[in-house]
Each structure stands twice: as structure tokens, then as C-alpha cells.
Amino acid sequence: MAPAIPTIDLHTPDGGIPVPLLGFGTWQLLGEQGYRAVSHALAVGYRHLDTATAYGNEDVVGRAVADSGLARDEVFVTTKMPPDAAGRERETLERSLRQLGMDHVDLWLVHWPPDGRARPETWRAFQAARDEGLTRAIGVSNYSLAQIDELVEATGEAPAVNQVPFSPWDYDASLVAGHAARGVALEGYSPFKRSDVDEPVLGRIAAAHGVSVRQVILLWHLRHRVMVIPKASRPERIEENVALDFALSDEEVAEIDGLAAR
């Protein structure tokens, strides 16, 4: 039985698109090891996969989805355009779709601001690809709120998602509120790499629930309605990361929030 993973609705012109808050990150998962990891993730209940052109594994992700026995619409697939592909947006997405073996992705992101700039012209190309049905939703990654505002001012549409590095040590209530106010879903990457898993506060909370520190970090993201995409290659770690069937109290969440001020 697949775990009950909460969802969040992404804002699009046609309405909300539900996406699981917990996804499976695939950076550095290549070849047969990557195929086995993604396949196992799907087998134990993940329904949200995150890849990118730059990862060089879109073919692996696509093959795992195709071999999973799941219908295409049961798996939410994200890929990202590298910033140096600005000006060749459609060509890059079409190449990604060929690698994935899919006729569309669910979410397409600008991986980094091209040349450090918001690039409204790239955002318009993303809108066109979405309107043609090549992707269901569009967003950005590693953008500032000011750059998001520049896109809105130029095109009238905010990204559905901004994917940024995020962890308890990165927590900023104003950043979370700023994205919410703009209707932009916040998605965090590198949740463990950016955390101190030996932090006593996390250890105490994990012990109280009989879970791991990593599970506490992931559930903390979900409590803040921030999507999170942990990467793992070992089956036991993949299973651990999706087993979030416990609850954090408001006091525990606040205590974890406070780690950012240290």
C-alpha cells in the first residue's frame, strides 16, 4: 500500500495541479544504479520524480517510469532547462521529452537564472511550451523574489514553483510568506546536505517519535507546505525517507524553526 503523501496545488492558468509534497530527487543517479533507485522509489510509493537536463539521467528516469506498471498520469515528473540553453528553450524541452520517452512533463523549470538575470523572454518561451501542452506547469529554480517579480511585471504570470536550497538552517519565515503571497509554491532541495544531522534538538525530537533525524527534517518541510526532494540510492534509505507516518507538534516545529537563528 502506497504511503499517504500530502499534496499541494500548483497555480496554473487552468486551475490547480496537485503535486505530492514529497518527491524523489535523482541528481547523480546514473545508469543501472539510477534505474534501480528510481524503480524502487516508485515501487515503495513515491509519485513525484525530479530530474534535469544537466543531470544526464532523463533516459533512466523515463525508463523506470515506463517499466513501473504505473499509468503516466500517476507519476508527477519534473525536469529543468540549463541556463545556457536560454534562447533554445523549445529545442531543449523536446530533447528532454525524447530522453524521457514522454509527450509531456508535469513541471518544467529554469534551472538557474540565465546569466544571473530573470530573462522574461525565456519565461515567455516557457509559457508557450505550456500552452502547447509540452508541460503542464512551469516554474523556476534558484530565483530571488525580486526576479520573480520581474517575470510577473513583464508577463503577468508568476512561476508555479521556485525550487531553492532549503533546510531548517535555511528557514526564513519572510521568504516562505513572500512566495505564498505571490502564489508560488516553494520547493526545497539538498535538505540533508544543508542540515546538521547531529544537532541535539533534532536528535531529541527524532528519539521521541522513534524515527530518524532525516525523517524529522522531511516532515518539517511538509508541515511548512514546502515540497522536498531527497535523493537516495540505497533501498533502505529510499524506504526510510517516504515513511513519514508520524506527527510533529507545533512546539516541535517551532523549535526546529529556531535552528536557523543559530
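Here are a few friendly questions and answers about this predicted model.

User: Which strands are at the edges of the open sheet?
Analyst: Eight strands form the sheet, in the order β3-β4-β5-β6-β7-β8-β9-β10, with parallel pairing. An edge strand pairs on one side only, and the two that do are β3 (24–25) and β10 (227–228).

User: Is strand β9 largely enclosed by the rest of the structure or exposed?
Analyst: Let's look at its side chains. Ala185, Glu187 and Tyr189 point one way from β9, while Leu186 and Gly188 point the other way, and all are buried. Five of the five residues of β9 (185–189) are buried, so the strand is largely enclosed by the rest of the structure.

User: Which residue in β9 stands opposite valine 161?
Analyst: Strand β8 (residues 161–165) runs parallel to β9, and five bridges join them. Across from valine 161, the residue in β9 is alanine 185.

User: What angle does the direction of helix α4 make with that of β7?
Analyst: Start with β5 (residues 76–81) and β6 (residues 105–110), which pair in parallel over four bridges. Helix α3 (residues 89–100) lies across these two strands, at about 135° to β6. Helix α4 (residues 120–131) also packs on the sheet, touching β5, β6 and β7 (135–141), and its direction makes an angle with that of β7 of about 160°.

User: Are helices α8 and α9 parallel, perpendicular or oblique to each other?
Analyst: The axes of α8 (residues 213–223) and α9 (residues 235–242) come within 9 Å and cross at roughly 40°. Angles under 35 degrees would count as roughly parallel, and 65 to 115 as roughly perpendicular. The two helices are therefore oblique.

Technical notes. Residues numbered from 1 in each chain as written. Predicted model: local features only at pLDDT ≥ 70, side-chain atom pairs only at ≥ 80, totals over all residues. Heavy atoms only, no water. Axes fitted to C-alpha atoms, helices over the stretch in contact; angles between N-to-C directions. Parallel < 35°, antiparallel > 145°, perpendicular 65-115°, else oblique. Buried < 20%, exposed > 50% of the residue type's maximum accessible area, 1.4 Å probe, protein only. Pairing = 2+ DSSP bridges. Contact = heavy atoms within 4.5 Å.
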